[in-house]
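Good morning. I will go through one structure and keep to a few places in it. Please look at the screen.

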Amino acid sequence: MIWLAVTKKISKPAIWNMCLYIFIGANSHCSTNTGALVTSVKNFPGSRGVVIGLLTGYLGLSGAIITQLYYTFYGNDSKSLIFLMAWLPTAVTFVFMPIIKHHKGTEQPNDFNAFYNFLYMTLILAGFLLVMIIVQRCFIFTKSEYYVTSTLMVLLLILPIVVVIMEEQRIWNNKKKEHINSEDPPPKHTPQMATQNQNQNQKQVCFSWRNILIPPSRGEDHTIFQAILSLDMITLFIATICGLGGTLTVVNNLSQIGLSLGYQAHSITTFVSLMAIWIYLGKITQGPVSEFIITKFKVPRPLILTSILILSCFGYLLIAFDVPNGLYVASIIIGFCFGANWPVLFSIISELFGLKYYSTLYNVGLIANPIGSYLLNVRVAGHLYDKEAIRQMETLGIKRNPGEELNCNGSECYKMAFIIITVVTLFGALVSLILVLRTREFYKGDIYNKFREESKTVENKLVVTQNNKVELGPT
């Protein structure tokens with residue numbers, strides 16, 4: 001863009017406005033995700049896998065949801081799309097900003113059932129959007145029909161509020177029964193408890209620059225530099241770069257891959273449109289599944305990352321060797337793996353390095369996304385695609401004009417690229433096995449026990465405070 005401004009092909013004010021827009025938009029996106037996801041993980045640390053899966057799943061559906069609202073409000077007016085993107089996220093943020101905050105002692109025994117109810121509802125929403133995408137490809141919708149479908153979509157989107165209301169009512173009834181049936185006095189806030197809390201606080205603040213290379217035990221709160229410089233983070237970072245780089249290559253170039261392999265335009269449009277659904281299914285499935293596996297079978301969560309990386313290799317090989325109709329299967333496998341990578345990555349970071357600086361470490365993990373995309377998408381797939389396209393032009397005796405877009409046809413366009421990506425991804429899987437071996441003892445224990453104890457301590461303090469107020473009477 002800067003080059004276009006210098007050559008006077010686009011005005012400089014327009015370029016700087018666009019740069020400012022991209023800068024603010026990109027950072028606001030990261031800020032919103034961080035605020036919602038990190039806060040929810042801190043509120044429900046014992047159910048973090050399910051929580052991360054749900055939130056990233058809704059994020060995966062957001063594009064389809066906003067598209068439906070865009071067609072409902074503005075039809076095909078492309079200029080109004082920018083206006084919609086300006087006011088809708090801002091309005092939603094301001095409405096829900098007072099609600100998104102850290103609540104201590106919020107976990108309840110029935111949280112898992114409530115989260116699974118959320119999961120079922122979001123699956124219904126995703127199924128509805130999937131049907132709408134297919135139907136709208138086949139038929140032309142009128143304005144009134146868009147109003148009906150968008151109304152149904154919004155109702156499905158806010159349906160989880162019913163679960164929240166029912167859960168709050170159930171908790172309130174249980175507290176009333178406990179208050180009536182309780183005969184034993186509540187635990188007092190003894191000096192011993194105060195001493196324990198004081199020792200814990202001292203333990204949390206004892207880190208300094210001197211012990212930056214001496215991190216605490218896994219699961220305890222690491223400082224930012226202790227986490228970044230630890231072998232666990234470096235291993236996880238390398239494995240994630242190898243895994244995300246390949247999946248991003250397919251996600252970003254799926255249409256071009258389909259054209260080079262000779263697929264029909266309507267087929268390419270269909271599986272490009274459905275890619276968001278496969279990504280969503282990967283996110284929404286991997287959260288609860290990985291949470292169940294590590295709590296039930298004590299399997300290290302990095303092993304699940306290893307399995308995702310290996311599974312994605314099958315999709316790469318289907319593309320590399322141009323298996324008949326293989327791109328349909330490959331798009332499902334790779335879309336699912338791309339979505340599944342995120343909840344596993346975010347959960348591992350929170351479990352190994354604690355929650356005190358999770359908002360920063362969460363974004364450190366996100367850096368693997370652009371690095372992997374640049375290395376495998378730009379430097380490998382893009383370079384080899386252009387090289388093969390130039391070779392084909394020279395074979396046909398066609399001279400390329402300056403600035404002319406390159407088009408490559410045939411299985412050779414991406415064959416070598418995806419063979420290299422497969423090898424790199426397998427290397428990432430091997431690297432992730434190092435993290436599996438390093439963390440196997442950690443995951444054999446009850447990694448969420450301390451959060452349950454903290455929640456009980458907070459509840460006991462609240463009970464003591466309430467009883468003291470009752471004993472003192474009105475002032």
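I start at Asp221, whose side chain reaches the backbone nitrogen of Lys356 at 3.3 Å. A polar contact here is a pair of N or O atoms within 3.5 Å; within protein, one must be able to donate a hydrogen and the other to accept it, and residues adjacent in sequence count only if both atoms are side-chain atoms.

Residues are numbered from 1 along each chain as its sequence is written, and side-chain values use heavy atoms, with hydrogens and water left out.

Where is Asp221 found? Asp221 is in the loop between helix H8 (191-204) and helix H9 (224-228). Helices are DSSP runs of H or I with at least four residues, numbered from the N terminus. Is Asp221 buried or exposed? Asp221 has a relative accessible area of 18%, so it is buried; buried means under 20% and exposed over 50%, with partly exposed in between, using a 1.4 Å probe and protein chains only. Ser350 is 129 residues from Asp221 along the chain, and their C-alpha atoms are separated by 9.3 Å.

Next is Ser432, in helix H16 (residues 412-444). Ser432 counts as buried because its relative accessibility is 2%. Its side chain reaches the backbone oxygen of Ala429 at 2.6 Å. Leaving out residues up to four places away in sequence, Ser432 touches Ala239, Pro302, Leu305, Thr306 and Leu309; contact means heavy atoms within 4.5 Å.

Now a pair of helices. The axes of H3 (residues 48-74) and H5 (residues 111-138) come within 10 Å and cross at roughly 25°. Axes are lines fitted to C-alpha atoms, for helices over the stretch in contact, and angles run from 0 to 180 degrees between N-to-C directions. H3 and H5 are therefore roughly parallel, a term for angles under 35 degrees. Residues that meet include Val50, Leu54 and Tyr58 in H3, and Phe112, Phe115 and Leu119 in H5.

Last, confidence. pLDDT is the predictor's confidence in each residue, from 0 to 100. The protein's mean pLDDT is 82, and 81% of its residues reach 70 or more. Over residues 186-207, pLDDT stays under 50. Where pLDDT is low, the predicted coordinates should not be read in detail.

Methods
This is a predicted model: local features need pLDDT of at least 70, side-chain atom pairs count only at pLDDT 80 or more; totals for chains, interfaces and linings use all residues. Helices (H or I, at least four residues) and strands (E, at least two) are DSSP runs, numbered from the N terminus. Angles under 35 degrees count as roughly parallel, over 145 as roughly antiparallel, 65 to 115 as roughly perpendicular and the rest as oblique.
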